[in-house]
2 protein chains.
Amino acid sequence: MKKKIRAIQYGVGPIGASIARLMREKQAIEIIGAIDTDPSKVGRDLGEVVGAKDAPWGVIVSAEAKEVLEQAADVVIHSTSSSLEKVMDQLLLCLEAESCIVSTCEELSYPFRTHPGLATKLDTAAKEWGVALVGTGVNPGFVMDKLVVTLAAVSQRIEHAKALRIVDASTRRLPLQKKIGAGMSVEEFRAKVAEGVIKHVGLPESVAMVADSLNLPVEQITETIEPKMASERVQTEFLAVEPGQAAGVHQIARGLSKDGKELVYLELQMYVGAKDPADTISLTGHPNISLVIPGGSHGDIATASVVVNSIPAILDAPAGLRTSRDLPLGFFSPNARP
Amino acid sequence: MKKKIRAIQYGVGPIGASIARLMREKQAIEIIGAIDTDPSKVGRDLGEVVGAKDAPWGVIVSAEAKEVLEQAADVVIHSTSSSLEKVMDQLLLCLEAESCIVSTCEELSYPFRTHPGLATKLDTAAKEWGVALVGTGVNPGFVMDKLVVTLAAVSQRIEHAKALRIVDASTRRLPLQKKIGAGMSVEEFRAKVAEGVIKHVGLPESVAMVADSLNLPVEQITETIEPKMASERVQTEFLAVEPGQAAGVHQIARGLSKDGKELVYLELQMYVGAKDPADTISLTGHPNISLVIPGGSHGDIATASVVVNSIPAILDAPAGLRTSRDLPLGFFSPNARP
């Protein structure tokens with residue numbers, strides 16, 4: 001019997017809670033600490049905070065990141081913000097504690113084009129402390145990038161890569177339904193987009209990963225965010241959307257060559273009442289090939305899965321900033337290899 | 001500009017030829033040698049043997065494996081036989097030359113359960129010489145194992161894994177159509193199965209990889225080979241199959257628990273006239289999830305692709321015997337990472 005993997009949960013929001021519950025199911029993991037600044041969580045048992053049936057777990061949520069991290073976990077599961085700039089100090093603190101990191105920070109998933117300076121800083125620090133970090137999840141991290149790159153293994157030549165993800169947000173959390181603007185007027189929606197409040201973060205990162213991995217000479221990445229309008233009334237557990245109101249987001253990111261030719265096309269439709277949710281990948285080249293996940297991969301469940309399933313791979317990875325592209329992704333199986 | 005990857009093609013049958021042509025397209029690869037014992041190929045230019053438009057390539061096919069391998073290529077692409085036992089000496093010779101290997105030998109794809117002794121011998125030799133080797137291709141190596149394991153990344157719990165591959169052999173090579181028994185009587189088909197002549201090799205290896213990677217407690221692997229009967233006349237470019245004759249193989253491998261419960265189910269239908277070719281994966285657990293490649297991945301094109309696309313990964317891998325499960329698979333991009 002090998003030693004358990006000692007893990008710290010950094011950020012106990014809805015996704016962090018879902019990750020913590022999943023880690024708890026894995027015999028090979030021991031959760032040794034939890035960090036969150038929310039006063040309603042600090043000082044309470046982690047198992048209780050995440051609504052676990054087998055609470056208490058004997059792990060107290062603390063706001064003192066540095067103190068918790070000093071236990072030098074094997075891995076920190078980091079889930080606090082989509083913004084790489086905002087989480088830099090948190091990540092550096094984890095690296096200094098000589099812990100590997102699996103983070104849900106979308107901008108960390110492939111930051112080499114969008115945040116090259118921060119990427120270098122993290123890579124250097126990780127190598128200095130001899131640990132590895134990765135930003136991952138279902139999107140970015142899987143359906144619109146890693147899976148595209150994996151499918152490309154059966155290709156001899158690739159001219160264009162496309163991924164379309166249609167998510168029915170009706171079954172998702174209220175914060176997510178609000179975040180995508182469900183129930184807003186078009187004007188309100190556009191105002192929130194302008195404020196940067198309505199936005200799925202990570203499409204440009206996925207475009208960059210796909211372009212670099214498929215040798216597609218993308219020089220420019222564009223992104224548009226439009227409302228997906230409701231054509232009929234949609235009632236979810238949490239809210240109602242009337243015809244003519246926004247039902248969610250319709251976001252498109254493109255990777256263009258120097259002379260403006262489209263090489264990568266990623267389209268995300270995430271709205272309440274989506275009729276045919278699915279993830280679809282299409283590669284044009286030799287041969288043309290496509291792949292469909294009927295129903296699509298469920299956002300919250302899948303993100304927690306991808307994060308926890310990435311733990312053995314990040315512990316095995318060479319020191320430095322890694323991406324889901326670099327890691328052999330699979331099911332959590334720390335001792336699978338005979 | 002980095003130095004080119006120096007490659008040797010070991011085995012110039014139909015698949016080896018297809019691999020050599022694809023390698024020739026990659027700027028980053030230089031083919032420095034070719035090995036085959038077929039007297040009709042020995043002494044001729046490799047480009048001519050593989051029917052390349054830009055022949056001659058200035059590489060002569062030689063039967064003297066040891067002599068060719070002494071050039072110490074970075075990687076040997078090995079494509080001579082499905083039987084691990086038969087190719088052991090060839091593989092050991094490559095390792096002794098301190099070359100990494102990507103092989104299409106189906107039994108090498110995951111030999112830890114089916115040929116544990118040979119697996120250990122190869123792993124030890126590879127580590128001794130500081131190089132890595134992998135057995136891969138489209139099946140085994142991708143659609144019924146690696147892709148199953150990759151999809152499992154979005155799973156929290158897995159109870160059962162299934163993959164179904166339906167291949168229309170009408171569009172494939174004559175040797176393949178013959179190998180699957182197309183046009184034989186049922187008696188002839190069964191006799192050839194008993195002789196070991198009709199068989200797609202690699203399903204038990206895929207079952208083992210899936211079981212180990214998904215932590216499914218498989219203790220026993222079973223396999224059946226039945227004829228897929230033609231219900232109507234099928235005419236291919238090469239042969240005709242009459243109703244009542246075998247149109248191809250219908251092969252099923254199962255991974256069973258100690259008490260006989262099915263945990264992994266892999267089904268391969270490869271026959272001329274297949275109506276709905278497709279690769280389908282279904283994982284039962286939390287959540288249930290499935291994936292479809294409509295039309296399926298084309299066997300010969302895809303095998304050459306997976307093999308060539310695996311070259312950068314095997315060069316980067318730690319010394320030893322690797323499997324497609326361990327490698328971050330993608331498109332050939334030796335210098336993609338910024």
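Modeller: Two strands count as a pair if DSSP finds at least two bridges between them. The model is a predicted one. Start in chain A. Strand β1 (residues 5-10) of chain A runs parallel to β2(A), and six bridges join them. Buried here means 20 or more other C-beta atoms within 10 Å. As a rule, side chains in a regular strand alternate between the two faces of the sheet.

Now the sheet in chain B. Seven strands form an open sheet, in the order β3-β2-β1-β4-β5-β6-β15 of chain B, with parallel pairing. B:Ser103 has B:Gly135 of β6(B) as its bridge partner.

Helices lie across these strands. Helix α4 (residues 84-96) of chain B lies across β1 (5-10), β4 (75-78), β5 and β6 of chain B. Its direction makes about 170 degrees with β4(B). Helix α5 (residues 116-129) of chain B lies across β6 and β15 of chain B, at about 120 degrees to β15(B).

Where do the domain bounds fall? In chain A, domain 1 takes 5-137 + 301-323, and domain 2 takes 146-296. The centres of domain 1 and domain 2 of chain A are 26 Å apart, taken over C-alpha atoms. Domain 1 of chain A gives 11 residues to the contact between them, and domain 2 of chain A gives eight. On the side of domain 1 of chain A that touches domain 2 of chain A, there are four nonpolar, four polar and three charged residues.

Next, the loops. Most residues other than glycine have a negative phi, and most peptide bonds are trans. Some places here depart from that pattern. B:Ala55 and B:Pro56 are joined by a cis peptide bond, with omega about 0 degrees. B:Pro56 sits in the loop between α2 (46-49) and β3 of chain B. Another cis bond links B:His286 and B:Pro287, with omega about -5 degrees. B:Pro287 belongs to the loop between β13 (278-286) and β14 of chain B.

Phi is positive, at about 55 degrees, in A:Asn215, which is not a glycine. This residue lies in the loop between α9 (203-213) and β8 (220-229) of chain A. A:Asn215 is partly exposed, because 18 other C-beta atoms lie within 10 Å. In chain B, B:Asn215 has a positive phi of about 55 degrees and is not a glycine. Its loop connects α9 and β8 (220-229) of chain B. B:Asn215 counts as partly exposed, with 18 C-beta neighbours inside 10 Å.

One more spot in chain A. A:Glu48 is part of helix α2 (residues 46-49) of chain A. With 13 C-beta neighbours inside 10 Å, A:Glu48 is partly exposed. Beyond its neighbours within four places in sequence, A:Glu48 is in contact with A:Ala55 and A:Pro56. Between A:Glu48 and A:Gly58 there are 9.8 Å, C-alpha to C-alpha, and the two are 10 residues apart in sequence.

Last, how the copies meet.

The contact takes 41 residues from chain B and 41 residues from chain A. On the side of chain B that touches chain A, two or more residues come from each of α6 (146-151), α9 (203-213), β14 (289-294) and α10 (299-309) of chain B. By class, that side of chain B has 26 nonpolar, 12 polar and three charged residues. Why do the copies meet through the same surface? Because 100% of the interface residues of chain B are also interface residues in chain A.

Technical notes:
Residues are numbered from 1 along each chain as its sequence is written. Chains are lettered from A and ligands numbered from 1 in the order in which they are written. This is a predicted model: local features need pLDDT of at least 70, side-chain atom pairs count only at pLDDT 80 or more; totals for chains, interfaces and linings use all residues. Two residues are in contact if their C-beta atoms, placed from the backbone, lie within 7 Å. Helices (H or I, at least four residues) and strands (E, at least two) are DSSP runs, numbered from the N terminus. Ala, Val, Leu, Ile, Met, Phe, Trp, Tyr, Cys and Pro count as nonpolar, Asp, Glu, Lys and Arg as charged, and the others, Gly among them, as polar. Domain bounds come from an automatic or database domain assignment. Axes are lines fitted to C-alpha atoms, for helices over the stretch in contact, and angles run from 0 to 180 degrees between N-to-C directions. A residue is buried if 20 or more other C-beta atoms lie within 10 Å of its own, exposed if 12 or fewer, and partly exposed in between; C-beta atoms are placed from the backbone.
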